Each structure stands twice: as structure tokens, then as C-alpha cells.
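Let's work through a few exercises on charged side chains. Keep the sequence and the 3D view open while you go.

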Amino acid sequence: MGRAVTVATCALNQWALDFEGNLERILRSIDIAKSKGARYRLGPELEICGYGCSDHYYESDTLLHSFQVLEKLLESPATQDIICDVGMPVLHRNVRYNCRVIFLNKKILLIRPKISLANAGNYRELRWFTPWSKARQVEEYFLPRIIQEVTGQETVPFGDAVLVTKDTCLGAEICEELWAPNSPHIEMGLDGVEIFTNSSGSHHVLRKAHARVDLVNSATAKNGGIYILANQKGCDGDRLYYDGCAMISINGETVAQGSQFSLDDVEVLVATLDLEDVQSYRAEISSRNLAASKVNPYPRVKVDFALSCPDDVAVPTCVPIQWRHHSPEEEISLGPACWLWDYLRRSKQAGFLLPLSGGIDSSATACIVYSMCHQVCLAVKNGNADVLADARRIVNDETYIPEDPRELCRRVFTTCYMASENSSQDTCNRAKLLAEQIGSYHINLNIDVAVKAVVGIFSVVTGQTPRFSVHGGSSRENLALQNVQARIRMVLAYLFAQLALWARGMPGGLLVLGSANVDESLRGYLTKYDCSSADINPIGGISKTDLKNFIQYCIENFQLTALRSIMSAPPTAELEPLVDGQVAQTDEADMGMTYAELSIYGKLRKIAKAGPYSMFCKLINMWKEICTPREVASKVKHFFRTYSVNRHKMTTLTPSYHAENYSPDDNRFDLRPFLYNTSWSWQFRCIDRQVSAL
């Protein structure tokens with residue numbers, strides 16, 4: 001019958017503006033697809049230049065180099081006899097579009113611009129691109145001369161059209177269009193399109209993967225058809241980790257699943273599917289067929305090519321599989337670990353330095369680095385030559401083979417416990433034991449000399465000596481003395497990051513890791529320019545609750561028994577004097593709220609878009625069994641006061657792995673003022689009136 005089609009999709013670890021590396025990875029994916037018999041290959045969104053170019057999209061260089069890469073692809077023998085679908089920016093009539101360029105045998109078949117642009121949360125596509133608004137219309141696009149010389153074409157179709165091959169009809173969606181309420185696949189499916197493609201630049205968020213999978217499967221469950229999704233993977237230059245999950249689905253069921261987290265730069269999925277199954281599925285959906293009889297047709301680009309072979313009776317087709325989702329703890333173990341590896345190898349540094357306090361946050365960060373070492377060893381064991389080459393360059397040993405995560409950890413990871421007179425022996429012991437179990441190179445030092453020197457300078461200049469509250473000092477003195485300790489730790493962290501390897505006779509420098517969680521950032525419970533100020537922070541988008549669960553996961557899966565005592569200890573900054581040799585200061589007492597409450601405030605503020613009054617109205621119902629309206633009002637006011645007083649700290653927040661949709665990241669995700677009227681007089685008056693009425 002000639003109805004068994006073989007198609008390929010991929011997840012590529014592209015890097016913004018790395019045109020040479022991006023070209024190599026695209027060609028490699030095409031080679032793999034062809035070797036497995038595929039006749040159509042789909043790649044991620046904007047794969048030629050890399051998705052995260054941001055304001056570099058304004059530059060003519062980005063457009064020029066993208067076309068230069070396209071020229072190389074068109075000329076390559078690898079792209080012959082396979083339809084290639086690649087992503088790049090294109091300027092049409094002086095308007096910049098996010099496009100798919102679909103070509104076959106040195107001929108461009110169609111340039112398809114994106115219709116619905118992603119412009120929420122981390123995405124700002126409307127800043128750089130314009131959506132194509134001419135539904136079911138195509139125009140002539142005049143090709144640059146360098147492309148004309150290869151293709152022999154002067155113009156090609158540009159717009160909202162579909163491809164018709166000898167055996168089927170294909171229609172393209174681009175990322176956000178799948179999430180839109182009026183997704184193009186609906187009308188395309190009614191117009192006879194049998195294969196839908198989606199090239200994505202979709203990033204990881206905890207507990208999000210199932211939503212993407214459900215959308216893909218539901219796209220063909222109602223309407224029938226084959227859906228192919230490609231996605232970017234890895235860190236392409238900023239806070240996001242693109243989490244792969246390439247997939248192929250038919251009639252509402254997944255038949256091929258790509259990995260969500262891996263160190264493979266190129267991952268290709270290939271599936272052979274029977275178009276007769278699509279026709280049979282659609283035949284009995286009468287509501288679909290009635291709608292199809294009235295649909296406005298799409299412009300069709302005819303392609304003298306087939307995705308199937310004439311004699312395919314004996315060709316086996318793929319069967320549905322059950323999608324396996326990672327638990328949130330697995331996601332934390334794998335996602336930030338892969339992000340760290342990309343950042344380390346692409347920054348060309350020699351490893352990481354982490355101030356390890358013996359608390360949950362820094363310990364969780366250490367465990368993520370240990371998980372990274374696990375992933376590296378596993379990738380090398382599985383024959384990943386790219387990872388082996390990167391590992392050898394990082395440790396400066398051309399013969400090195402990473403086999404033991406603890407041994408690799410000692411080479412690339414330095415931990416440092418910075419004690420003061422306010423530190424307990426318990427936290428010192430916990431940090432040391434964890435460092436031994438993960439294998440990091442561990443340093444113990446004492447900061448008291450530096451603290452006394454800095455405070456001494458102040459005393460000489462002013463004639464005043466500040467004291468802690470327990471010694472009769474004011475709250476201002478108490479906070480200033482805590483902040484001095486915290487900031488000196490930051491200075492020492494960077495000093496050791498630059499020179500620790502030099503002192504050991506080794507080349508290179510270390511990246512400083514921060515370890516403030518998303519809840520502490522939201523509340524502002526951190527010292528500006530303390531150890532939360534680092535190069536990158538793998539847990540800055542993760543809640544305290546999830547980190548505790550992750551610690552338990554590490555106890556069970558990595559056998560890190562040192563974490564048990566860390567889990568059971570109350571979180572503390574250890575910046576105030578000990579009482580009878582024991583820690584008296586705790587984080588939750590300092591904050592005036594629990595971490596569980598803080599997570600709720602964060603989700604209501606960001607995800608539910610609640611201001612003070614709206615939050616109060618929601619919480620009096622959520623907490624009616626445990627709090628009176630007056631107590632709820634007090635809690636909400638306290639949160640908004642402390643949040644707004646400390647919002648300025650978000651402007652200097654260390655770049656953090658994005659994992660939560662209530663992240664307060666000021667860079668582009670959570671855009672707010674940082675100079676507030678912290679009395680919230682009007683808003684709090686509304687709350688007070690409601691409390692009185694209740």
C-alpha cells in the first residue's frame with residue numbers, strides 16, 4: 001500500500017550563538033535519522049542559532065550566520081533524500097519572524113513563520129519577533145543570494161501552508177501553538193493533514209512534563225493523526241534547562257519517548273507508523289467529519305517525494321508505550337545536575353566551590369553536584385565520547401576515565417566550612433561527614449580573625465563597638481554583626497575559588513555555587529552579597545519542602561547517611577552567639593513564618609496573582625480550621641511587609657536554575673518594583689475592614 005511512514009524527531013543540546021556547534025549537532029541528528037530509515041527529520045525551535053539569543057536577535061549578524069548555516073545544511077550530502085525541518089529567524093519584508101525552514105534535496109519547500117508567540121513567564125518572543133497573522137496565506141520570499149546559488153530558487157513560499165507528499169499531508173506547529181486554545185493542528189487536521197510537527201523550546205519546571213505529554217496526545221485523540229514533537233535540551237546560556245522529552249504520538253497514544261534529562265548532546269527518535277491507522281481512526285468520528293466538510297482549506301505545497309516505500313507490507317510499525325514520568329525528587333537530582341554540567345564545560349572552568357554549612361540547602365546543592373558526577377560516569381560508561389572529552393579537559397588529564405563518582409567529585413568539587421565563634425560543632429561535623437561521603441575536597445577554616453578586623457576598623461573610626469542582642473545590643477547592631485560574618489564568607493569563597501587549585505598545584509579556577517532556596521529569596525531571608533551571591537545557584541528555584549524530600553531521596557538512593565542528621569536539625573543561619581554551646585537561632589523564628597507557609601504565600605502571590613487583600617480572602621478559607629481571620633490578617637501583613645522591604649535583594653540574585661513557577665527571579669520572570677511603599681496602607685485597610693466584618 002505504501003502507507004507505512006518513517007519519521008524522526010530529536011532533542012538537541014544547542015547553545016545560543018554557537019553556530020558551528022549547532023550545525024554539527026544538526027548534521028549528526030540527520031545522519032542518525034537517515035541511518036534508521038527516516039524520510040523526514042524534525043528539529044527544535046530556532047535550532048540553528050540557539051533559542052536563547054535574546055537581544056542578539058536584533059543583530060543582522062544573527063540573521064546572516066543563520067543563513068550561512070542553512071547554506072551548509074543545504075549543501076551537505078547528509079540532507080539529501082530526507083525532508084529536513086530546521087528552525088531559524090528570518091527577516092521578511094523587514095519584519096523578523098521565528099520560522100521553520102523545510103527543505104529537500106537542495107530545494108526549500110516552505111518557510112513557515114510562527115503564529116502564536118510565547119510571551120509569558122520566562123518568554124519574551126514578542127520583543128524580538130512578530131507573529132504571522134495572515135491565516136492560510138502565503139507570500140513570495142526572496143532568498144538571499146548565498147541561498148539562491150545553492151538552490152537555484154529566487155523565491156519560495158512563506159506563510160501558513162501545509163506540505164503534500166506523494167503519500168500524506170504534513171502541517172507544522174511551533175512550540176506555543178500547541179498550548180494555544182486555537183491550536184493550528186485542529187483546523188489542519190480537519191483539512192486532511194495526517195502528520196503534525198511541533199518544534200519546541202520548552203524548559204523544565206518541576207511537575208510540568210506530564211502537561212506537555214497530555215497536550216500532544218490529546219491533539220490527536222479527538223482528531224486522529226500522527227504528532228511529532230522535537231525540543232531543545234540542556235543549558236543554552238541562561239537560567240533555563242530545556243528538558244528534551246521529544247516524542248511521537250498517534251491517535252492519542254505515545255509510541256516513542258525521549259529522555260527528559262541526559263548528557264547526550266544529540267538524541268534522535270525514529271518511528272514507523274501506518275497512515276491507514278489514522279484514516280481508520282478518523283472514519284468513525286462523525287462529528288470530526290462533519291466539521292471537516294466545512295473547513296477552509298490550507299494552501300498546499302506539493303512535494304515530489306514519499307515518506308513511505310511502495311512495498312511496505314512486511315514493515316513493522318511502532319506500538320503504544322506507557323510514558324514514564326520522573327518523581328519531583330528525581331527531577332531535582334537530574335535536571336540541575338545536567339544544567340551544572342553544561343555550565344561547567346561551556347564556561348571552561350575546572351570545577352565548583354561550595355560554602356558547605358551543614359544545613360539542608362548547601363547539603364542539597366552538594367548532592368546535586370554529586371548527582372552530576374554520577375551522570376558523567378554513567379554517560380562515559382555508556383560510550384558518550386563527548387562527555388569523556390569534556391571530563392578530560394576539565395580535570396586536565398588526557399588519559400582520565402571517570403568511573404567512580406566520588407573520585408570525580410574530588411577532582412571537580414571543593415567544599416568549604418567557614419566556622420565562626422557562633423558555629424556549632426554539630427554543623428561542622430555534619431559538613432565534614434557529608435564531604436567525606438560524596439568525595440569532595442573539603443576545607444575547614446575559621447573567619448573570626450577577619451570578622452574582628454572588620455568590626456575593629458568600624459570601632460577605630462567611630463569609637464563605638466556594636467554588640468549582639470544577647471549582650472545588650474540593639475537590633476541594628478545585632479543585624480549588622482550577623483551581616484559582617486555572612487559577607488566575609490562571600491569574599492573568602494571567591495578568594496578560594498580563584499586560588500584553591502593554584503595552591504594545590506593545579507590549573508584553572510572554580511565556579512562559586514550559591515545555595516539560597518526559592519522561599520528564602522521570596523522572603524528576602526538572606527544577606528545581600530553574602531554566600532547567596534555566587535556565580536550560579538542550582539537550587540534557587542526549588543522550595544524548602546521539595547529540597548527536604550530530595551535529601552530523603554539522596555539518603556535512599558545514594559546511601560548518603562550523613563544527611564540523616566542534617567534532615568533532623570532545625571534550619572539555622574548560626575550568625576548569633578551560642579547559648580550554653582548550643583544553637584539558639586533558627587530560620588523560621590527569624591522569618592516569623594514557617595517554610596510551608598512561605599511556599600503558600602509564594603504560590604498565591606505569583607501563580608494566583610494575589611495582592612495582600614486577595615491573599616487574605618483566599619487564606620481565611622484555606623486556613624479556617626487553624627487560624628482566625630485576625631491571625632490570617634497578621635500573617636499576610638507580615639509577609640507583604642518583609643517581602644517588599646527585601647525585594648531590592650532580588651535585583652542582585654545569583655542566576656538560578658528555574659524550577660518553580662513562583663520564583664521571585666527579578667531578571668525576567670517576576671517583574672516587580674524594588675522600591676515599595678512597605679506600609680501597604682490602602683491594601684491593609686481593606687483587610688482590616690474585612691476582619692472587623694468577619
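**Exercise 1.** Find out how the side chains of Glu-24 and Arg-28 meet, and where the two residues lie.

Solution. Start with the contact: Glu-24 and Arg-28 form a salt bridge, at 2.9 Å from N to O. Keep in mind that this is a predicted model. Next, look at the sequence: both residues sit in helix 1 (residues 19-35), four residues apart, about one turn of the helix.

**Exercise 2.** Work out which parts of the chain the salt bridge between Arg-112 and Glu-177 ties together.

Solution. First, the distance: the closest N and O atoms of Arg-112 and Glu-177 are 2.9 Å apart. Then place the partners: Arg-112 belongs to strand 5 (residues 107-113) and Glu-177 to helix 5 (residues 176-179), so the bridge joins parts 65 residues apart in sequence. Finally, both Arg-112 and Glu-177 are buried.

**Exercise 3.** Decide whether Arg-346 is buried or exposed, and say what its side chain reaches.

Solution. Begin by locating Arg-346: you'll find it in helix 10 (residues 328-347). Arg-346 is buried, yet has no salt bridge. The nearest side chain of opposite charge, Asp-342, is 4.4 Å away, and a salt bridge needs a distance within 4 Å.

Technical notes:
Residues numbered from 1 in each chain as written. Predicted model: local features only at pLDDT ≥ 70, side-chain atom pairs only at ≥ 80, totals over all residues. Heavy atoms only, no water. Buried < 20%, exposed > 50% of the residue type's maximum accessible area, 1.4 Å probe, protein only. Lys, Arg positive; Asp, Glu negative; His and termini not counted.
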